Amino acid sequence: DFIPITLIGHLPYILAVNPSVPANTLAELIALAKSKPGQIRYTTVGNASMARLGGELLSTLTGIQMTPIAYKSSAQSVIDTIGGRIELQFGTMAPVLPHVRAGRLRPLAVTSAARAPALPDVPTVQEAGVPNFVVTLWLAVFAPATTPRPIVDRLNREFVSAIATVPVRTALLRQGLQPQTTSSADLSKLIATEISKWRKVAIQAHLKPQ
């Protein structure tokens with residue numbers, strides 16, 4: 001139904017815990033989870049959310065068992081993690097970062113391939129010892145599938161040019177988004193790769209539509 005125009009950027013997740021959780025690193029959290037199967041609870045917004053899929057991927061790669069808790073909003077999940085009712089916040093930058101900076105949540109890792117500019121001292125999950133783990137929400141521009149190719153190409157040039165400007169990049173980074181643009185063809189390849197990757201995770205975790 002749609003034709004890809006360009007990627008805009010990626011939003012990494014922050015893996016953050018309530019300060020009462022006896023884990024200062026991701027390795028310590030994994031060890032804790034292995035000692036208490038199913039007792040580490042993490043936040044999601046449902047089976048189809050990237051937080052749930054990312055949690056399942058982390059569990060698979062490390063051999064741990066965690067319990068997902070679904071929320072209707074990130075705001076409520078952050079409140080419950082701060083309050084100690086949930087151990088692990090699998091959250092995006094906007095709702096989590098202010099509480100990390102205030103010391104109400106302890107960041108263990110970010111889920112992107114490279115460190116997040118907003119948290120340069122926090123390692124990636126891969127740096128923390130879990131290879132092949134990259135989980136991000138990505139944002140992109142699409143048009144109806146019947147859009148003529150010259151218009152697709154023009155839209156791509158205009159968006160890529162705009163996202164390269166300092167004001168736009170600054171605004172995106174301020175929201176925790178790591179800017180990145182692509183060609184229409186490269187975005188198509190990314191979509192195919194992501195569908196294949198997350199289909200396998202969903203099947204392995206026996207996830208069903210809600």
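This note goes through the packing, helices, pocket and backbone of a predicted model.

1. Basis of the values. The model is predicted, and local features are considered at pLDDT of at least 70, with side-chain atom pairs counted only at pLDDT 80 or more, while totals for chains, interfaces and linings use all residues. Residues are numbered from 1 along each chain as its sequence is written, and side-chain values use heavy atoms, with hydrogens and water left out.

2. Surroundings of Leu88. Leaving aside residues up to four places away in sequence, Leu88 is in contact (heavy atoms within 4.5 Å) with Leu15, Ala16, Val17, Leu29, Ile40, Arg41, Tyr42, Thr43, Met66 and Thr81.

3. Helix H5. The buried residues of H5 are Val152, Asn156 and Ile163, where buried means under 20% relative accessible area, exposed over 50%, and partly exposed in between (1.4 Å probe, protein chains only). Viewed down the axis of H5, these buried residues fall within an arc of 50 degrees, so they line one face of the helix; the arc is that of the directions from the helix axis to the C-beta atoms. The buried residues of H5 pack against E1, helix H6 (166-174), strand E7 (178-179) and H7, whereas Pro150 and Arg157 are exposed on the other side of H5. Leu155, also in helix H5, is partly exposed, with a relative accessible area of 29%, and its C-alpha lies 9.2 Å from that of Val141, 14 residues apart in sequence.

4. In H3, Ser77, Val78, Asp80 and Thr81 are buried, and they cover an arc of only 165 degrees around the axis, which puts them on the same side of H3. The buried residues of H3 pack against E1, E2, E4 and helix H4 (93-101). Gly83, in the loop between helix H3 (74-82) and E4, is partly exposed at a relative accessible area of 45%; Gly83 and Asn18 are 65 residues apart in sequence, yet their C-alpha atoms are 7.7 Å apart in space. H3 is followed by Gly84, whose phi is positive, near 85 degrees.

5. Arg52. This residue of helix H2 is buried, with a relative accessible area of 13%. Not counting residues up to four places away in sequence, Arg52 touches Tyr42, Thr44, Gly46, Asn47, Pro68 and Leu207. The C-alpha atoms of Arg52 and Asp121, 69 residues apart along the chain, are separated by 25 Å.

6. Largest pocket. On a 1 Å grid over the protein atoms alone, a pocket is an open set of points where a 1.4 Å probe fits, with protein on both sides within 12 Å along at least five of seven lines, and lining residues have an atom within 4 Å of a point. The largest pocket holds about 250 Å³ of space, the volume being the space filled by probe spheres set on the points, which are joined across faces, edges and corners. Of the 19 residues that line the largest pocket, the closest to its centre are His10, Ala113, Val134, Thr136 and Gln180. E1, E6 and H7 are the elements that give two or more residues to this lining, and the largest share, six residues, comes from H7.

7. Most residues other than glycine have a negative phi. Asn132 has a positive phi of about 65 degrees although it is not a glycine; Asn132 sits in the loop between E5 and strand E6 (136-144) and counts as exposed at 62% relative accessibility. His206, likewise not a glycine, has a positive phi of about 60 degrees; His206 is in the segment after H7 and is exposed, with a relative accessible area of 66%.

Conventions:
Helices (H or I, at least four residues) and strands (E, at least two) are DSSP runs, numbered from the N terminus.
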